[in-house]
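Here are my notes on this one, jotted down while going through it. Have a look at the entry first, then read on.

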Amino acid sequence: MELHRGRLIDHVQLVVRDLKASRRFYEAVFKVLDVPIGGSAEDYFWADELFVSSIDSRAASGQLTGRHHLAFQARDRGMVDGVYKAGLEAGGTDNGAPGERQHYHPGYYAAFLLDPDGNNIEAVFHGPANRSAASVKIAF
């Protein structure tokens, strides 16, 4: 099996009710994933391909985005476990404890949380595999 990531999605925007609560949650999750916050202002923050803004942000057009499912890649099972624990401690709600999901594919290990706005956030480790690159790098 061969999986390709980073080809389809350029970025995703979530418009949230409580930016401070969301930032607390995502900073905790991203710390475990070793993904830094890329930038922020009073009405938004972003990390890699995820942009999170308040409803009053110019980028939001005054509308919440609604419920989404986002799956974040983890390097190993321990990282999945860590994301789950950190997310719960930072205001997330359990939506599926860490464990194997053999019905997806052998070795699929994941955990699911609801963020403060009810988005289904997954941390997933696909099992031992070789990556062609650590990340896609775009330079301007």
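The points below go from the annotated domain to the sheet, the helices and the core.

1. Keep in mind that this is a predicted model. UniProt, in an unreviewed entry, lists residues 8-126 as "domain: VOC". Over that stretch the chain is 24% helix and 35% strand, with the end C-alpha atoms 19 Å apart.

2. On to the sheet: 4 strands make an open sheet with mixed pairing, in the order 5-8-7-6. Strand 5 and strand 6 (93-100) are the edges, each pairing on one side only. From one strand to the next, the twist averages 15°.

3. Helix 1 packs on this sheet, where it touches strand 5, strand 7 and strand 8, and its direction makes about 30° with that of strand 5. Helix 2 lies across strand 6, strand 7 and strand 8, running at about 10° to strand 7.

4. Threonine 93 has leucine 114, in strand 7, as its bridge partner.

5. The largest nonpolar core has 25 residues, and those touching the most other members are Tyr26, Phe30, Leu33, Leu50 and Phe72. Helix 1 (19-33) and helix 2 (77-89) are among the elements that each supply at least two residues; the largest share, 6 residues, comes from helix 1. Setting aside residues up to four places away in sequence, phenylalanine 30 touches Val35, Ile37, Ala47, Leu50 and Phe72.

6. What does alanine 28 touch, not counting residues up to four places away in sequence? The contacts are Ala86 and Ala90. Alanine 28 sits in helix 1, and its C-alpha atom is 6.5 Å from that of alanine 90, 62 residues apart along the chain.

Terms used. Residues are numbered from 1 along each chain as its sequence is written. This is a predicted model: local features need pLDDT of at least 70, side-chain atom pairs count only at pLDDT 80 or more; totals for chains, interfaces and linings use all residues. Side-chain values use heavy atoms; hydrogens and water are left out. A nonpolar core is a set of buried Ala, Val, Leu, Ile, Met, Phe, Trp, Tyr and Cys residues joined through side-chain atoms within 4.5 Å. Buried means under 20% relative accessible area, exposed over 50%, partly exposed in between (1.4 Å probe, protein chains only). Contact means heavy atoms within 4.5 Å. UniProt positions are given in the numbering used here, feature names are shortened, and annotations may be inferred rather than shown by experiment. Two strands pair if DSSP finds at least two bridges between them. Axes are lines fitted to C-alpha atoms, for helices over the stretch in contact, and angles run from 0 to 180 degrees between N-to-C directions.
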